[in-house]
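Hi everyone, thanks for coming.

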Amino acid sequence: MPVDWGAEEGADDDSDYWERRLPLRLGELALEQPDSERFDSVVVDEAQDFGELWWPALMACLRDPVKGGLYVFMDEAQRVFSRRGEAPIDIPPLVLDENIRNTKPIAQLFSSLTGEPAKPRGMATPAVRLYDVPTEEVLSVVDDVVESLLDEGFAPGQIALLSTQHRHPEQRNAVEVGGWAAYWDSFFAEEDVFYGHVLGFKGLERPVVVLAVNGLKDPERAKEMLYVGLSRARTLLVIVGSRALLEKVGGGGVRSRLKLADERRRPG
């Protein structure tokens, strides 16, 4: 939106642009817009990722900042970026305490990482699958895991492979060859297996997710990173990684839930 209003475009890896220069510029541009270009209400999803400078800029986009609507959806368990910002809302939040998106085994596994798990309302099966693989060998195993899922009859467009640290070569190649726009177009086309990173998949989902736990770089946010990765699958979650690492990061709750997992041998 700020670019549509006249802000200059910035590089994807320029954090100062995204977290400081662009929100400040949005605030300036919003004040220059006629009422017809501003908004009655604004909805913010993944609001735990909003830096502090975005909130006043966003409020300036409302026709009436006092009477205008601001609706904010957030999940503190998914706060995986080192930024803070408080939504300018002073009424008590409405807590959504039921999970109707994931199957019960998936919901129970990732909710064990939080102190206030939502009540799972999904199907009771299938069990979460686990391939107990040393961290350094994960990326050499996950392709065979994907192939085994295709052999079972899952369509390519149903599957996403997400890594937690180093990106899968297929993801790097897709971005280098086609650029980011084509890369994301391929996700929404739902025709092929999608290769991504947990940080770039927040707020997204697929029926089947292969979570490649090939490292957790930031110990302070490892639990949040794991929470995001475990929660992206709606129907079948397949974890490829070290059980010891998963239990170390997730603690007793994850350890208990993994006892119910369908542990499998490496394909091939």
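I'll talk through the nonpolar cores, a surface patch, some backbone details and the salt bridges. One thing before we start: this is a predicted model.

Let's begin inside. The largest nonpolar core has 35 residues, and Leu-109, Leu-211, Leu-230, Leu-237 and Ile-239 are the ones that touch the most other members. Which elements give two or more residues to this core? They are α3 (104–111), β6 (159–163), α5 (169–189), β8 (206–212), α6 (222–230), β9 (233–241) and α7 (243–258). The biggest giver is α6, with six residues.

Setting aside residues up to four places away in sequence, Leu-109 touches Val-128, Leu-230, Leu-237, Ile-239, Val-254, Arg-257 and Leu-258. There is also a second, separate core of 18 residues, and Val-145, Val-193, Val-208 and Val-240 are among them.

Now out to the surface. A nonpolar patch there is formed by Val-43, Tyr-71, Phe-73, Leu-94 and Leu-96, which together have about 610 Å² of accessible area. Leu-94 sits in the loop between β2 (69–72) and β3 (98–99). Is Leu-94 buried or exposed? Its relative accessibility is 77%, so Leu-94 counts as exposed.

Next, the backbone. As a reminder, most residues other than glycine have a negative phi, and most peptide bonds are trans. Here, though, the bond from Thr-125 to Pro-126 is cis, with omega near 5°. You'll find Pro-126 in the loop between β4 (119–120) and β5 (129–132).

Then we have two glutamates with positive phi. Glu-46 has phi near 50°, and its place is the loop between β1 (41–44) and α2 (54–59). Glu-190 has phi near 55°, and this residue is in the loop between α5 and β7 (194–197). How do they sit relative to the surface? Glu-46 is buried, at 17% relative accessible area, whereas Glu-190 counts as exposed at 55%.

While we're on loops, have a look at Asn-214, between β8 and α6. Asn-214 is buried because its relative accessible area is 7%, under the 20% cut-off. Its side chain reaches the backbone oxygen of His-166 at 2.8 Å. Beyond its neighbours within four places in sequence, the contacts of Asn-214 include Thr-135, Val-138, Leu-139, Ser-163, Thr-164 and Gln-165.

Last topic: salt bridges. How many does the structure hold? The count is 18, and I'll pick a few.

In α7, Arg-243 and Glu-247 are four residues apart, about one turn of the helix, and their side chains meet in a salt bridge at 3.4 Å, N to O. Both of these residues are buried. Arg-243 also forms a salt bridge with Glu-263, with the closest N and O atoms 2.7 Å apart. Since Arg-243 is in helix α7 and Glu-263 is in strand β10 (residues 262–263), this pair ties together parts that are 20 residues apart in sequence. Glu-263 is partly exposed, with a relative accessible area of 43%.

Finally, a network: Asp-14, Asp-16, Arg-20 and Arg-21 are joined by salt bridges that share partners. Within that group, Asp-16 and Arg-20 meet at 2.9 Å, N to O. They are four residues apart in helix α1 (residues 15–32), so about one helical turn separates them. Asp-16 is partly exposed at 29% relative accessibility, and Arg-20 is partly exposed at 39%.

Definitions and conventions
Residues are numbered from 1 along each chain as its sequence is written. This is a predicted model: local features need pLDDT of at least 70, side-chain atom pairs count only at pLDDT 80 or more; totals for chains, interfaces and linings use all residues. Side-chain values use heavy atoms; hydrogens and water are left out. A nonpolar core is a set of buried Ala, Val, Leu, Ile, Met, Phe, Trp, Tyr and Cys residues joined through side-chain atoms within 4.5 Å. Buried means under 20% relative accessible area, exposed over 50%, partly exposed in between (1.4 Å probe, protein chains only). Contact means heavy atoms within 4.5 Å. Patches are made of residues with over 30% relative accessible area and no salt bridge: like charges are joined within 9 Å, nonpolar side chains (Val, Leu, Ile, Met, Phe, Trp, Tyr) within 5 Å. Accessible areas come from the Shrake-Rupley method with a 1.4 Å probe; for residues, only the protein chains shown count as cover. A salt bridge is a side-chain nitrogen of Lys or Arg within 4 Å of a carboxyl oxygen of Asp or Glu. A polar contact is a pair of N or O atoms within 3.5 Å; within protein, one must be able to donate a hydrogen and the other to accept it, and residues adjacent in sequence count only if both atoms are side-chain atoms.
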